[in-house]
Amino acid sequence: MSSWFTELRERGAARFAEVGFPTTRQEAWRFTDVRAIAGTSYGTATSRWSVDANGAKALRVGDLSSAGDIAQAHLGRYADLAANPFTALATAFLDDVQVVSIPAKTDVSSPIRLSHRFEGSGTVMATPRVLIVLGDQSRATVIESHEDSGAGDSLSNSVTEIVLGQGATLDYVRVQREGAKTSHIATTQSHQGRDSVLRSTSIALGAGLSRHDLGAVLAGTGASLILNGLSVLSGRQHVDYHTTIDHAQPHCESHELFNGVFDQHARGVFNGRIIVRPGAQRTDSKQTNNNLLLSGEARADSQPQLEIYADDVKCTHGATLGPLDPTALFYLESRGLSPATARSMLTYGFAADVLTRIAVLPVREDLDRMIRGRLGVETLAAA
Amino acid sequence: MSAVMLEINGLKATVASDAKQEILRGLDLTVKAGEVHAIMGPNGSGKSTLAAVLAGHPAYAVTGGTVTYRGKDLLDMNPEERAREGVFLAFQYPVAIRGITNSYFLRSALNAIRKHRGQEELDPLDFLSVLEKKLKQIGWDDSFLNRAVNDGFSGGEKKRNEILQMAVLEPTLAILDETDSGLDIDALKTVAEAVNALRRPDTATVVVTHYQRLLNYIVPDRVHVLAGGRIVKSGGKELALELEDKGYDWIKPEAISA
């Protein structure tokens, strides 16, 4: 094992030894209690990645042996060990890393799919790690999915780092649909160069408890970010999205839309932090968080956090929370649709509001089928 | 002589959440097939409530009277049954439905109605050809078909969208609730032309409006003045001009004494 890699692991271990698991007394973890994770002793899981690079030649997808220099240059440089104890823990257990590296001026038209499952006897922890590096003026679509592990009370602690060179464009979709007994902790950290475009959609359907920290740094002038998310939960599932968008340079834009559909006793947390650094003039930032509560027991908490240190900026945020709108239901019924169809259509529309923003059509269609199934609205006539 | 399409007798309605708040207080109205009726009146007279009650809006409770539509008890039907039986309400404030495209929404609604009529449901391709004919008929392009229903639409676009839905669903009884409010004169003319193009001897239209100007373009057979929850005066199209001239103030004493 290379020395830089060992050293990175050691830094992760040292940081975690210092801070330990977070508690609900810490502001960032106020709504998400990880005592059950802290009190479990996990065995080591075997990660099973299946990778479909769609036969694209100009890229390197694989483990460290085939992409060592790229990994050495970027791995661990963006996901801050100090920002999240779970990132430190995942780094301490770094094993293989899925590296997607697109050379400069290369356009990879077909979606690259990375799909993770993990196995192990009993209660295990997996630390899936992904590094996506797009060279200047390159373009790609990456779908990262975390599938049902079926491994009982296990923990998936995933870290993904995304680096976009000048003028690069990445469509990135992350789908989490692990088993209801699995805990899923994730960090996604992106770093964008000048005039780059990142369109990111994070979808949470599975896991009993999930926490996803999405950090995005707009590090070059003119960078553009779409950071969207969709949660569809039921039972006693819990999802906590913490997003941090860092406008470090002027003339950047960020559009953020997180919608959550919560049924039965499900619970959603959204914390959206936007930082506009001194000098990041002409920042254009919009944040929206909508929560649909389908039962009286479902709950959602929404917290915007704007820190603006520049004066010539446009920043807006808004949140909604509540059941289906009775006026909208009546509107649909007054056009001949049954109350059941009206409810399905409004619920589906709430989710589709995020899905329809996914630019890559085949990816959107797959997700659309998945979400219809999850919402139980397959009976809606196909669009 | 044309058949009676809508017969309202002594209709009373309150706000559903507050039984003390009576809005309609014994309203009578008869509409025959082929006719256009205008309901005018001051703000707060109950015009929009009448439109909402006819469509079955759950925000209002009917506390008295009868409504017979083509020989059937309209008040006994759910909102979706009324729609399937041919009643259409063009909303004063159309609702935005995120994530659902206009064309998908229209096809779902049309198929629900076709199914009720015992007609075959239309697949997306067949629907598109129906839709294109309707768009041509009312002189519009297809620019808002793939946008989410009323989402981000301007006031005028929302009103046009109501008329497009009306054209596609081919109602027997169309109720337009202040479709003219917030429209500039060109948009008003376009909407009126579309409504006129859809007039047939076997359909009827009830136009609820505060202003006379819409009635320059949709010429009514009968004009009714609604005040205090009742029809206080009825007449021909010249009544609308009289109202335009004199305002509503002269109506009020009659309404109170009635």
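A residue is called buried under 20% relative accessible area, exposed over 50%, and partly exposed in between, with a 1.4 Å probe and protein chains only. By that scale R277(A), at 35% relative accessibility, counts as partly exposed. The structure is a predicted model, in which local features need pLDDT of at least 70 and side-chain atom pairs count only at pLDDT 80 or more, while totals for chains, interfaces and linings use all residues. Residues are numbered from 1 along each chain as its sequence is written, chains are lettered from A and ligands numbered from 1 in the order in which they are written, and side-chain values use heavy atoms, with hydrogens and water left out.

Side chains of opposite charge can pair when their charged atoms come close. Counting as a salt bridge a side-chain nitrogen of Lys or Arg within 4 Å of a carboxyl oxygen of Asp or Glu, there are 30 salt bridges over all chains. In one of them R277(A) is paired with D246(A), their closest N and O atoms being 2.8 Å apart. This pair links distant parts of the chain, for R277(A) is in the loop between β17 (267-276) and β18 (284-293) of chain A and D246(A) is in strand β15 of chain A, 31 residues apart; strands here are DSSP runs (E, at least two residues), as helices are (H or I, at least four), numbered from the N terminus. D246(A), with a relative accessible area of 11%, is buried.

Strand β15 (residues 238-247) of chain A also holds D240(A), which forms a salt bridge with R211(A), the closest N and O atoms being 3.0 Å apart. Because R211(A) lies in strand β13 (residues 209-218) of chain A, the pair ties together parts that are 29 residues apart in sequence. Both R211(A) and D240(A) are buried. A further salt bridge joins R35(A) and D33(A), with closest N and O atoms 2.6 Å apart; here R35(A) is exposed, at a relative accessible area of 64%, and D33(A) is partly exposed, at 31%.

As for cysteines, the structure holds 0 disulfides over all chains, a disulfide being a pair of cysteine sulfur atoms within 2.5 Å. C252(A) is in none, and the nearest cysteine sulfur, that of C315(A), is 12 Å away. C252(A) is buried, with a relative accessible area of 1%, whereas C315(A) is partly exposed, with 21%.

In chain B, V95(B) is found in the loop between β6 (87-90) and β7 (97-101), and is buried, with a relative accessible area of 10%. V95(B) and N150(B) are 55 residues apart in sequence and 6.5 Å apart in space, C-alpha to C-alpha.
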